[in-house]
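Open the model in your viewer and get ready to select things one by one. We will start with the whole chain and then visit a few places.

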Amino acid sequence: MHRLPQKMRPEIRRLWKADEDMLVAYFLKLDSDTRRLRFCASVSDTRVEAYARNLINSDALVFGAFPDGKLRGVAELCILPDSLPRRAEVALLVEPDWQDYGLGDALLHRVVAAAQNRLVHTLEMSWLPENKRMQALAEKNHAIMGFDPDDVEATLDPPSPTPLSIIEEVVADSRSYLRSIYHVKAPADPVRPEVAPH
Ligand SMILES: CC(C)(COP(=O)(O)OP(=O)(O)OC[C@H]1O[C@@H](n2cnc3c(N)ncnc32)[C@H](O)[C@@H]1OP(=O)(O)O)[C@@H](O)C(=O)NCCC(=O)NCCS
């Protein structure tokens, strides 16, 4: 795979009910290795479909990365009920052809901003020990990691909310909701590299 001259600045937007079929199709198209890394176990089509179908209706906040106008990555933020101080689980997913272009990092930043505005004190993530991309991402974002033979667990502490962080999210969510129901693509990013993977 060729490397792009710079990291991308993709459109990241919240996914809503109108995006459900797209999300299910996205999870179903993943190869078995990517699925195993995402779920830390092998999972069947039936289970993946049920998981993805339920995601938008669950309490989780779901975000999609659209670097070329198509869904190429997904981030999930699930606030743990009754946790005090508030904790939330994060899961990230970028399809193989689009990995290493900064989509994972952009999705993680979006999730941290959403957690910040919901007064989440600690974000929790876990991945398989062989998952070097996830580890690089966590290191870059100064996560505190605990290593186990079966998995790596990490935590991140989002900053406190500010009026600006709240306004930014309200504006982004309103825009993403309209895009979702009217299927409108984001305008082209002027810094997006001309060479892009298929
Ligand atoms: C983990 C994942 C979300 C990262 O997404 P991504 O878009 O590739 O992430 P980024 O491009 O922002 O960052 C990847 C980093 O890993 C680094 N990397 C890639 N291969 C590596 C390797 N073998 N060893 C060490 N670092 C590596 C990249 O150089 C990059 O770091 P940099 O930005 O400092 O250059 C993606 O790989 C993925 O979806 N994997 C399958 C599902 C999964 O593992 N989910 C996590 C568990 S929930």
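This is a predicted model: local features need pLDDT of at least 70, side-chain atom pairs count only at pLDDT 80 or more; totals for chains, interfaces and linings use all residues.

**Stop 1: the chain as a whole**

Of the 198 residues of the protein chain, 29% count as buried. Here a residue is buried if 20 or more other C-beta atoms lie within 10 Å of its own, exposed if 12 or fewer, and partly exposed in between, with C-beta atoms placed from the backbone.

**Stop 2: helices α1 and α3**

Select residues 20–28 for α1 and residues 45–55 for α3; their axes are 9 Å apart and the packing angle is about 150 degrees. Axes are lines fitted to C-alpha atoms, for helices over the stretch in contact, and angles run from 0 to 180 degrees between N-to-C directions. So α1 is roughly antiparallel to α3; angles under 35 degrees count as roughly parallel, over 145 as roughly antiparallel, 65 to 115 as roughly perpendicular and the rest as oblique.

Now show side chains. On α1 the contact is made by Glu20, Leu23, Val24, Phe27 and Leu28, and on α3 by Asp45, Val48, Glu49, Tyr51, Ala52, Arg53 and Leu55. Two residues are in contact if their C-beta atoms, placed from the backbone, lie within 7 Å. By class, this contact has eight nonpolar, no polar and four charged residues. Ala, Val, Leu, Ile, Met, Phe, Trp, Tyr, Cys and Pro count as nonpolar, Asp, Glu, Lys and Arg as charged, and the others, Gly among them, as polar.

**Stop 3: helices α4 and α5**

Next, select residues 103–117 (α4) and 132–140 (α5), whose axes come within 10 Å and cross at roughly 50 degrees. These two helices are therefore oblique to each other. Gly104, Asp105 and Leu108 of α4 make the contact with Arg133, Leu137 and Lys140 of α5. Sorted by class, there are two nonpolar, one polar and three charged residues here.

**Stop 4: around the ligand**

Which residues are the closest to the ligand? They are Gln99, Gly104, Asp105, Lys132 and Ala136, out of 22 residues that surround the ligand; a residue counts as near if its C-beta atom, placed from the backbone, lies within 6 Å. At least two residues of this shell come from each of α2 (32–39), β4 (87–94), α4 and α5. The largest share, six residues, is supplied by α5. By class, the shell has eleven nonpolar, five polar and six charged residues.

**Stop 5**

Most residues other than glycine have a negative phi, and most peptide bonds are trans. Select leucine 84 and proline 85: the peptide bond between them is cis, with omega near -5 degrees. Proline 85 sits in the loop between β3 (73–79) and β4.

Move on to aspartate 100, in the loop between β4 and α4. Its phi is positive, near 75 degrees. Is aspartate 100 exposed or partly exposed? Aspartate 100 counts as partly exposed because it has 16 C-beta neighbours inside 10 Å.

Finish at histidine 142, in the loop between α5 and β6 (144–147). Histidine 142 has a positive phi of about 60 degrees, and with 8 C-beta neighbours inside 10 Å it counts as exposed.

Key. Residues are numbered from 1 along each chain as its sequence is written. Helices (H or I, at least four residues) and strands (E, at least two) are DSSP runs, numbered from the N terminus.
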